[in-house]
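Work through the exercises below with the sequence and the model open. Each task is followed by a solution in steps.

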Amino acid sequence: MASEPMIGVSRPTEPAVPAHGALALALRDVGKAYRIYDQPQDRLKQMILGRFGWSWGRDFWALRGVSFELRRGESMGIIGRNGSGKSTLLQILAGILAPTTGEVRVPGRVAALLELGSGFNPEFTGRENVFLNGAIMGLGYTEMKRRFDEIAAFADIGEFIDQPVKLYSSGMFVRLAFAVATSVQADVLLIDEALAVGDVFFRQKCYRRLEALRDGGAAIMLVSHSVSEIEEFCRRALLLHHGDVVFQGSAAEAVKRYYLVEQQERLVEPPPAVPGGPAPQENEGNRLEWPEPSAFLDLTGVAQVSNGWARCTGVALCDAHGRASHVFRQGEPAIFFYEVEILRDIEAPIGGVVIQNSRGVIVHGKNTLQYDSPVPLAVRRGARLRFRQEVTLDIFPDEYTFEVGIATISRHDYDLRAVYAHDDLYATVTRICVLPAVGRFRVLLNVPSRPIQLRHHGVADLAGRCQVAVANAG
Amino acid sequence: MSTLITPRAESVWHHLNPLGFARGLWGHRNLILQFTVREVQGRYKASSLGLFWSFLHPLLLLLIYTFVFGVVFQARWPHLRRTGDLAEFALVLFCGLIPFNLLAECVSRATSLVVTVPNYVRKVPFPLEVLPVSAVGSASFHAAMSLGVLVVMRLVTQGAIAPTLVLFPLVVMPLLFLCLGLTWFIASLVVFIRDLGYVVPLALQVLLFATPIFYPLDAVPERFQPLLRGNPLALIVEDFRRVVFWDLPPDWGRLAGCALVGATVMLLGYAWFMKTKRGFADVL
């Protein structure tokens, strides 16, 4: 077994408290209904006279049937469209809203960061607001005094800490609010889209601190519209849609289902495939180098997130010689084979592979659109598509997982793909089958290695060179 | 620190328990102190005269009242040591105004206490019952300052300090209870019935004249006396004047009655606030 040196590398740390640690949060059938009244007075009438059976107004269910347990050291994300109930759930967990049904058990201290500077008094200075927020969370003056320097250091707003908070930019606000919320050593930390305001350096700093807190045993619940951040940071996730729990489980799968749900809402029926399309390409599939059936991964336990238009029938990972492998040396090619059965007429297919490292960082993802691979412009129902994707593993020795995804794009949009802006192009793409975390592989150091064993730091070994010359002194 | 969050609200009896009430507020004493201090500071933080307004405001009003009632109406106060002395008349007026202003300030602040901080209701798990306490606390601070001014003025004009001043805390207790109870009650009610914000200033105007501030209680015609005696503030003001100005001990029986009424109002107001607290987030 090749040794893996740790010089200059931060290895992913195991949480100090195991994931099967003490219970941090338990929900049972939690729901929230708002009563909508036609007149404000009706609300008071309902409150006082409601016990006699009369009722005014009607119910609107913002959240329904949420149950889960979160242990210390775990992180869970909540994703969903606007209005799906994410913020409502966090407000209930924070103790701000009373649930209509169910119950929540929280054995420890909760710190919530629900809105930019929500606990802040605009007239008072940052310093005073730190103590104020500490008091709100139940911490006395002396306790906050102890933590003050650390908070000020993290927030990094310099002398503005003694200026009224109303003068702060939104970035300064969130830095201070985050610093306070994460310094009180809470057992449960609830964060609702507060990080979206900061710049990328701030977000990185925040996630590092969240990771440190999580390793220290805090349980973290994160709501974000940036599903990629949820996928990277959280192991589990909850997908909400109009107040109902659509999915609960691994974050990777939840994110895929989120795209599907979101897609469902704007889906347009593709026109039937034109008969007699580029038929020659259909036969090419049989000429593609294809591994033995024994090389294929067992897909029985693997989740397939699909909208029903396709089904993945085989995934294999092989080395340069076509043999199934899950261990590679740095710099070697890895060849991904995947086969998909098309269950409904589509136009141009798109296939791709995404590789993630052990920390959930997306190292490399590329699809046929990006390779500009020649693809058929129409595929009929019942056809099988085979993909052979070769990737040179110029990446750091680590454990990696990969996922396979199939999508489709209309012929019209495909022809115009060069003209589209990135976001617009992907808005026209319809995901039809994704297998998150379908397989894993390891990359080892390439030994013997020239000139030295560790050929680069960090995730990617990018092509390049460095030249040195001696400049004359004076 | 285990918490169980359920849809079932605690019963009203739970909040009416005096021990629970005391324990709850004591638990938040740090927050109450911080908020009270900030409120006192904050009132004058932005102004250049600062804390000086605390003195100036009551003094200016006093001057106007003295002029209108003392000079224009030439009202007479039967018990004055030196009849016709305008300075003494002003002091008596001032003495009655202090407890009234305390109540008036608390009650009118109550109409904006909760509705102006929707953040504390919807975004942060905040013990909202703390806000009325700090409002009463900061109003008490200003009342204490006015009292200080009164004592000094009396010292200057009459060369005397009431020895009964030490009994002052006993007299002010029922007033504080009353203020707290009313503030809790009104602060909560305003959330649901915004119109209350218009009713309160009007009611205070009525109360100003319905309380024996510009006249002694005895001066009121016999048939109206029971009506005025029903106003707890009237009795408090009378006792206040006795202790601070007339150098007399308060009417103990009357004081005990006021204390009881005050304490009841306080507990009921608190229970009302705690019970309706859950509904705030749905409205604001």
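**Exercise 1.** Find which residues of helix 3 of chain A are buried.

Solution. Helices (H or I, at least four residues) and strands (E, at least two) are DSSP runs, numbered from the N terminus. A residue is buried if 20 or more other C-beta atoms lie within 10 Å of its own, exposed if 12 or fewer, and partly exposed in between, with C-beta atoms placed from the backbone. By this test the buried residues of helix 3 of chain A are Gly126(A), Glu128(A), Asn129(A), Val130(A), Phe131(A), Leu132(A), Asn133(A), Gly134(A) and Ala135(A). Nine of the 11 residues in helix 3 (residues 126-136) of chain A are buried, so this helix is largely enclosed by the rest of the structure. Just after helix 3 of chain A, Gly138(A) has a positive phi of about 95°.

The model is predicted: local features need pLDDT of at least 70, side-chain atom pairs count only at pLDDT 80 or more, and totals for chains, interfaces and linings use all residues. Residues are numbered from 1 along each chain as its sequence is written, while chains are lettered from A and ligands numbered from 1 in the order in which they are written.

**Exercise 2.** Compare the span of helix 8 of chain A with the expected one, and find what covers its buried residues.

Solution. The expected span is 1.5 Å times one less than the number of residues. Helix 8 (residues 251-264) of chain A has 14 residues and reaches 20 Å from first to last C-alpha, close to the expected 20 Å. Its buried residues include Ala251(A), Ala254(A) and Val255(A). Among the elements that cover the buried residues are helix 7 (227-233) and strand 8 (236-241) of chain A. Two residues are in contact if their C-beta atoms, placed from the backbone, lie within 7 Å. Ala237(A) touches Ala251(A), Ala254(A) and Val255(A), among others.

**Exercise 3.** Describe the largest nonpolar core.

Solution. A nonpolar core is a set of buried Ala, Val, Leu, Ile, Met, Phe, Trp, Tyr and Cys residues joined through C-beta atoms within 7 Å. The largest has 146 residues, and those with the most contacts inside it include Ala237(A) and Leu103(B). Helix 5 (residues 86-113) of chain B gives the most to this core, with 17 residues. Apart from it lies another core of 42 residues, Val404(A) among them.

Notes:
Lists of a residue's contacts leave out its neighbours within four places in sequence.
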